[in-house]
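Here are my notes on this model, point by point. Please read them with the structure open.

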Amino acid sequence: MTMTSACRDIETQPAANAAPRRKWSIAEAEALFEIPFMDLVFRAQQVHRETFDANAVQRSTLLSIKTGGCSEDCSYCSQSARYKTGLDRQQLMAVADVVEKAKAAKAKGSSRFCMGAAWKGPKEREMETVLAMVREVKALGMETCVTLGMLKGDQAQQLKEAGLDYYNHNVDTAPEYYDKVITTHTLADRLDTLDQVRTAGINVCSGGIIGMGEGRSGRAGLLVQLANMDRPPESVPINNLVAIPGTPLADAEKLDPFEFVRTIAAARIMMPSSFVRLSAGREQMSDEMQALCFMAGANSIFYGERLLTTDNPEADRDEKLFARLGLHAI
């Protein structure tokens, strides 16, 4: 296949010495996807080694602290009250129960504990319980992360004062594709929450989901949106759609595994200092596919048997994979 002029320009840049790009265009990001697979992965690995230990992978555990009953209409989500997915609603967990889960995660090697609640945004009475969770998990010596939906008022500052390290709020997809996935809130609403998180001094965890029918232009647009933030997210979760029966995306066509690896590689090149995390969909990935993702610059995973409401590889499988690849945990 004949590469575009933009693609040739990108490939001829010396990866090992080039300074990180300040701003990316859609054309430049799309051109990355056109680079021959081996060349793209090689370049991503070079960029990765400039900032990170190539054999180190950060492990996070994600716990659903409040499950189901969300009022939003995100087309991929099993927790939306608008879809019949067979998911049982659960109320906000008790602080002591969350702390026990965090202790177990730490014992298995997780360094970050992420707590997710299916809300459009937290109410003040709920915030008090969440703040207590953050304080208690932080006291265990773990990094803390929450995803609570959209924040308002001084909620971000409250979380900062409680000791929160990371706030997760994904932009989900390219701006041009957003309203095909979600209609009950806008991308601007999400970006407003990220601005509040940044202002409060909390690290940003923000990525998206691929395999929702967005095409390469959509995947490029997602990465451009993240990379061109005034300060790119410190943590970038890349989710491979898990098609949930009962959701509008239940019959979405599965993404080519090599296209997923290409997305990881492009994310690493465009955001050289960010942690790039293999998130949802890892249960369906072979060990070989995961190894390619690590080679392409992924250096974080969700660790444990559940990822909110979907399956995740068991910790023992991950331990064996790490041993086979010579990887070690951060």
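1. pLDDT is the predictor's confidence in each residue, on a scale from 0 to 100. This is a predicted model. The protein averages a pLDDT of 88. A score of at least 70 is reached by 90% of the residues.

2. Treat the start of the chain with care. Residues 1–18 stay under 50 in pLDDT. The model has 28 contacts for them beyond four places in sequence.

3. The largest nonpolar core has 90 residues. Tyr-76, Leu-159 and Phe-260 have the most contacts inside it. Helix 9 (residues 257–270) gives this core its largest share, eight residues. Apart from this core lies another, of six residues, including Leu-62, Cys-114, Cys-145 and Phe-302.

4. The unreviewed UniProt entry annotates Cys-114, Cys-145, Cys-205 and Arg-277 as "binding site". These residues span 164 residues in sequence, yet no two of their C-alpha atoms are more than 14.0 Å apart, so they gather at one spot.

5. Cys-114 sits in strand 2 (residues 112–117). Its relative accessibility is 3%, so Cys-114 counts as buried. Leaving aside neighbours within four places in sequence, Cys-114 contacts Ser-60, Thr-61, Leu-62, Leu-63, Cys-145 and Phe-302.

6. Cys-205 belongs to strand 5 (residues 203–205). Cys-205 is buried because its relative accessibility is 1%. Its contacts beyond four places in sequence include Tyr-166, His-169, Ser-235 and Arg-277.

How values were computed
Residues numbered from 1 in each chain as written. Predicted model: local features only at pLDDT ≥ 70, side-chain atom pairs only at ≥ 80, totals over all residues. Heavy atoms only, no water. Contact = heavy atoms within 4.5 Å. Core = buried A, V, L, I, M, F, W, Y, C linked by side-chain atoms within 4.5 Å. Buried < 20%, exposed > 50% of the residue type's maximum accessible area, 1.4 Å probe, protein only. Helix = DSSP H or I, 4+ residues; strand = E, 2+ residues; numbered from the N terminus. UniProt positions renumbered as here; feature names shortened; annotations may be inferred.
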